[in-house]
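Keep the structure open while you read.

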Amino acid sequence: MSYPLLMQAPVKDYIWGGTKLREKYHKVSEAGKLAESWELSCHQDGPSIIANGEAQGKTLTQYIQEQGRGILGSKAQAFENFPIMIKLIDAKDNLSVQVHPDNEYALKNEGEYGKTEMWYVIEAEPGAELLYGVEKKITAQELADSLQNGTITDICHHAPVKKGDVFFIPAGTIHAIGKGILLAEVQQNSNTTYRLYDYGRLGNDGKPRQLHVKQGSEVCSLEPLPLKDEKEIVALSPDCRGELLAACDYFTTYGVKVDGTANLTAGSESFQTFTVLEGSLTLTAGETLLDMPAGQTVFLPANMGDYQLSGKASLIFTTL
């Protein structure tokens, strides 16, 4: 039962969300604000559901348990749990200023792995920006003072964004997605976030949202992030090239444009997954034929073999 699995994403209605996930990607939810769709997830807080074939209706977690971890490929055997999560995020308003712990701290204190992540900007309104680490090296006391005084945004690096920009966010980096940004996020399989500052907002319950100043202060990096490297073009197959967006111990992600036909192979090292961001594709694998409009994500088990993409589309392609 090894075949391409279409993912049905759970949707989160956080207070800063907007309407683009519904309007652009046709995500379904009764909530007014759609903040995140968890495109590829085995996390207990929102597992993806398989939407096609013999396994339709099962969670991706259930499918992996039934089929065995071999479908994740040889590289995944280094991880105790499914290693990654992929999201689409619509920030109608600013997200809180936050930080994620590394594996050691998160396992000790939260019972799950930490979170290193990557952002790929799909759309950005004029003047949109995000917070990306600190502007210059600071001391622990300067961090504490900024949290006490509500001035943490003053010590952060403010990065203007445009379509196609990429940001790699190692665990420990202070960060925040700003309003007017639609992006794709590839991250470790974790839902641990320490909220440092939230602009004095009230949650859906009418109360201030919880801050995690103590935990966040213990994991924040006090040094700025290095400048981004230039992107590298990589051959994913003889007729498909991808722009390397991020590579780390937990995931490798490429930006791929298909205009015509691309032939690819899901081999033994790792599963593959991609999310269509713009345009549409047809995926053919053996007797399976799938139409994939923008906003659709597919999971390709390791050792599935050859498959073909045809159409005109932009996508993010992730593997281990």
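Start with Q187, which has quite a list of partners in this predicted model: setting aside neighbours within four places in sequence, Q187 is in contact with P83, I84, M85, K87, K115, T116, E117 and F251. You'll find Q187 in strand β12, which covers residues 181–188. Is Q187 buried or exposed? Its relative accessibility is 0%, and the cut-off for buried is under 20%, so Q187 counts as buried.

The Q187 side chain also has polar partners. One is the side chain of K87, with a polar contact of 3.2 Å. Another is a backbone atom: the side chain of Q187 reaches the oxygen of S190 at 2.8 Å.

Now look at V186, also in strand β12. V186 is buried, with a relative accessible area of 0%. Not counting residues up to four places away in sequence, V186 touches M85, I86, T116, E117, M118, F251, T253, I316 and T318.

Next comes D198, in the loop between β13 (194–197) and α6 (213–219). Despite being in a loop, D198 is buried, at 5% relative accessible area. Which side chains does D198 join through polar contacts? One is R201, at 2.7 Å, and another is R209, at 2.9 Å. R209 also turns up among the residues D198 touches once those up to four places away in sequence are left out; that set is S96, R209 and L211.

Y199 sits in the loop between β13 and α6 as well. Its backbone has something to look at: phi is near 60°, a positive value in a residue other than glycine. Y199 has a relative accessible area of 32%, so it counts as partly exposed.

N303 is another residue with a positive phi, about 65°, although it is not a glycine. Look for N303 in the loop between β19 (297–300) and β20 (305–319). Is N303 buried or exposed? At 51% relative accessibility, and with exposed meaning over 50%, N303 counts as exposed.

N303 also shows up as a partner of S268. Leaving aside neighbours within four places in sequence, S268 is in contact with G73, S74, A302 and N303. S268 itself is in the loop between β16 (252–266) and β17 (272–285), and at 45% relative accessibility it counts as partly exposed. Along the chain, S268 and L72 are 196 residues apart, yet their C-alpha atoms are 8.5 Å apart in space.

For a contrasting pair, take T151 and G180: they are 29 residues apart in sequence and 22 Å apart in space, again C-alpha to C-alpha. T151 lies in the loop between α4 (140–149) and α5 (152–155). It is partly exposed, with a relative accessible area of 28%. Its contacts, with neighbours within four places in sequence left aside, are D145 and S146.

| Pair | Apart in sequence | Apart in space |
|---|---|---|
| T151 and G180 | 29 residues | 22 Å |
| S268 and L72 | 196 residues | 8.5 Å |

Now zoom out to the whole chain. The protein chain has 6 helices and 20 strands. Its radius of gyration is 19 Å, close to the 20 Å that the globule rule gives for 320 residues, so the chain is as compact as a globular protein of that length. Along the principal axes, the C-alpha atoms fill a box of roughly 60 × 40 × 40 Å.

How much of the chain is made up of buried residues? They account for 54% of the 320 residues. As for contacts with a separation of 6 or more, 74% come from residues 24 or more positions apart.

For charges, the protein chain carries 28 positive and 41 negative side chains, and the centres of the two sets lie 4 Å apart.

Technical notes: Residues numbered from 1 in each chain as written. Predicted model: local features only at pLDDT ≥ 70, side-chain atom pairs only at ≥ 80, totals over all residues. Heavy atoms only, no water. Helix = DSSP H or I, 4+ residues; strand = E, 2+ residues; numbered from the N terminus. Rg over C-alpha atoms; globule rule 2.2 N^0.38 Å. Buried < 20%, exposed > 50% of the residue type's maximum accessible area, 1.4 Å probe, protein only. Contact = heavy atoms within 4.5 Å. Lys, Arg positive; Asp, Glu negative; His and termini not counted. Charge placed at Lys NZ, Arg CZ, Asp CG, Glu CD. Polar contact = N/O pair within 3.5 Å; in protein donor to acceptor, adjacent residues only side chain to side chain.
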